[in-house]
Amino acid sequence: MNITFACIARTTPAKQLLPRLFEAVVEDAQRIYGEAKDHHYLDENMAMFNADRMSGAWKPATWHESEGHIFAVSQPPVPVDVDSSEDSYWQTVAPLIINGQQSRLLPNHSGMHRRPDGSVQIWTDSLGLGRCYYVITPHYVAASNHIGILTYFLDGPVEPDLKAIGRYIHAGWFTGDDSPIQGIHRLRESATINISTTGEVAMGEHTDLSLLVGKRDVRPDFDEVVDQTSRIARNLDKLSVRTSSIYLSGGRDSRMTASVWLSGGGDAKVVTLGTLQDEADIAQELMSQFEPDHANNQDVRHVITYPNPVSITMGLEERFKNAFDMWDGDAAPSNVRPNVRIPEGRSGLSIGGVGGEIMHGYYYQRPGDADRIAKLENPVDYAAKSFRNPFATSEAAGAMDGFFDQNYLLARKRGLDDMGSLDYLYLVEKFRRWGNQALGSMAAIMLSGPAYVRACFDLTPQDKVDKVFPDEIVRRALPVWSDVRYYKANSADSKKSMKKSLPPSTLIQITSMTYSRILGCGRNTFRKIK
């Protein structure tokens, strides 16, 4: 993770204490992740920090100063509608941020902008996929993609938010604007925090999501999806240091993603898991029909890989300590199954089908779902079965009270009062789990651009069930792939695959652990400076 942080002191005592607290923030960031380029800014009112530790992954810097403006981002936001390059990157991106046009930047980032007059804006991307948390008290406004360092700015003691944890137990991620800690909140989709030079705070939005998801009587513009997503792929290729890995199986979603990336002209290592022979055969057939863009020196190679069993060398306590140092509990429990190491910021992009779920109707794929949903006063209630946890305590179960009603109201605010409200629930809740909880040094979700999202919400429910979208995209991006059959593993095939890829001796199952126990595991940054 590339730690980025900003804090504005709102009172005289807070301003006097700010340098000391800022020193502690930087000390914690360096203790966890090590030193990098470590950009600092400190004046009498505010402090700003960005580790800029991603030069091994991204070509553009994550800290930029120009004409009195200072920008700090968690990772470089990628333009979606103009071509970009390392040399022109900040000349393209800075004006978009200054003018409040963050909707033209690919989701999965967050950032801070100090203006020449000393005012500050903190924002997250249009879908809220990027990690960003904040604290607002009478004394401070602080924000970061790291939860632990924000505990320095709380007014009271550091205490777990039991209601939020109860919802986490059911969902598998922190919902809404929850975090594990009372007083610390997640900045939601398209949200901004504007802080004036005198400390006044205004919450707002840089993007009206109704324009992306609201109901309208038009067919999806698949040509625009291919055009924009191919440009996103080219920009990702140009702005990343290493050759990206593109995953290709026998299914629809990976074929669609690979076809868009390859047709955009980007270099790629196309990866297929060889644990299912039929899947490997189809991938080889697809790649044999692909012709790289030799005129532009497109470098593409296809590899079939077999998972290597990974030995778990770290004890559970060490894994939890590292996990909580980095993520403070806002991560999937499965992240602690293997060894948990601090990332070094040199990874390459891995492009798969993340984001494909919103084109398939995640919550209504089975026969009869549509009829059952139509009878409900609140369609979002239909998703409740996906949030059940039979092992939850009564206290945790009560934390879900009102959750689905509140999300239906949010969907209606965006113009969705039917089955589309379930798709909106996925978009602003479960979708962000993937990018937010991958948590490595290099994460990009190609299937999150505005043209893609708009087209998904222009599909009819039946279009989604029939999986119309990926076929339409492949036919436009790489027509030669359209006639190759798909392959979907059955249960017997999946069992063979598991035996082939993960020997029983390498499996680990964590049966139960209470959240209160986890919170006590090695969190140095929960201390407070008095």
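## Aromatic pairs

Two rings of Phe, Tyr or Trp count as a pair if their centres lie within 6.5 Å; planes under 30 degrees apart make the pair stacked, and planes over 60 degrees apart make it edge-to-face. By that rule, this predicted model holds 17 aromatic pairs. One of them joins F71 and W90. F71 belongs to strand β5 (residues 69-73) and W90 to helix α2 (residues 89-98). The two residues are 19 apart in the chain, and the pair links distant parts of it. F71 has 0% relative accessibility and is buried. W90, at 8%, is buried too.

Y140 and F153 pair in another way. Their ring centres are 5.2 Å apart and the planes stand at 75°, so this pair is edge-to-face. Y140 sits in strand β9, while F153 sits in the loop between β9 and α3. They are 13 residues apart, and this pair also links distant parts of the chain. Both residues are buried.

## The six-strand sheet

Six strands form an open sheet in the order β2-β3-β1-β9-β8-β10. The pairing is antiparallel. Which strands lie at the edges? They are β2 (39-42) and β10, each of which pairs on one side only.

Strand β1 (residues 4-9) runs antiparallel to β9 (residues 140-144), and the two share five bridges. A9 has Y140 as its bridge partner in β9. Y140 is also the residue whose ring meets F153 edge-to-face. Helix α1 (residues 12-33) packs on this sheet. The helix touches β1, β2, β3 (46-50) and β9. Its direction makes about 10° with that of β3.

## Salt bridges

Side chains of opposite charge can pair when their charged atoms come close. The model has 25 salt bridges, counted with a 4 Å limit between nitrogen and oxygen. One of them joins R167 and D178, with the closest N and O atoms 2.8 Å apart. R167 is in helix α3 (residues 162-171), and D178 is in the loop between α3 and β10 (185-186), so the bridge ties together parts that are eleven residues apart in sequence. R167 is buried at 17% relative accessible area. D178 is buried as well, at 9%.

R414 and E205 form another salt bridge, at 2.9 Å from N to O. R414 lies in the loop between α11 (403-413) and α12 (420-438), whereas E205 lies in strand β12 (residues 201-205), so the pair ties together parts that are 209 residues apart in sequence. Are R414 and E205 buried or partly exposed? R414 is buried, at 6% relative accessibility. E205 is partly exposed, at 43%.

## A bridge within a helix, and a network

D227 and R231 form a salt bridge with their closest N and O atoms 3.6 Å apart. Both residues are in helix α5 (residues 222-239). They are four residues apart, so about one helical turn separates them. D227 is partly exposed, with 44% relative accessible area. R231 is buried, at 17%.

Elsewhere, salt bridges share partners. D28, R31, K321 and D325 are joined this way into one network.

## The loop around L416

L416 lies in the loop between α11 and α12. R414 is in that loop too. L416 is buried, because its relative accessible area of 2% falls under the 20% limit. Which residues does L416 contact, leaving aside its neighbours within four places in sequence? They are V213, G214, K215, Y408, A411, S421, Y424 and F457. T151 is 265 residues from L416 along the chain, and their C-alpha atoms are separated by 37 Å.

## Charges over rings

F457, one of the contacts of L416, has K464 over its face. K464 is 5.2 Å from the ring centre. K385 lies over the face of Y382, at 3.5 Å from the ring centre.

Notes
Residues numbered from 1 in each chain as written. Predicted model: local features only at pLDDT ≥ 70, side-chain atom pairs only at ≥ 80, totals over all residues. Heavy atoms only, no water. Salt bridge = Lys/Arg side-chain N within 4 Å of Asp/Glu carboxyl O. Buried < 20%, exposed > 50% of the residue type's maximum accessible area, 1.4 Å probe, protein only. Pairing = 2+ DSSP bridges. Contact = heavy atoms within 4.5 Å. Axes fitted to C-alpha atoms, helices over the stretch in contact; angles between N-to-C directions. Phe/Tyr/Trp six-rings, centres within 6.5 Å; stacked < 30°, edge-to-face > 60°. Lys NZ or Arg CZ within 6 Å of the ring centre and 35° of its normal.
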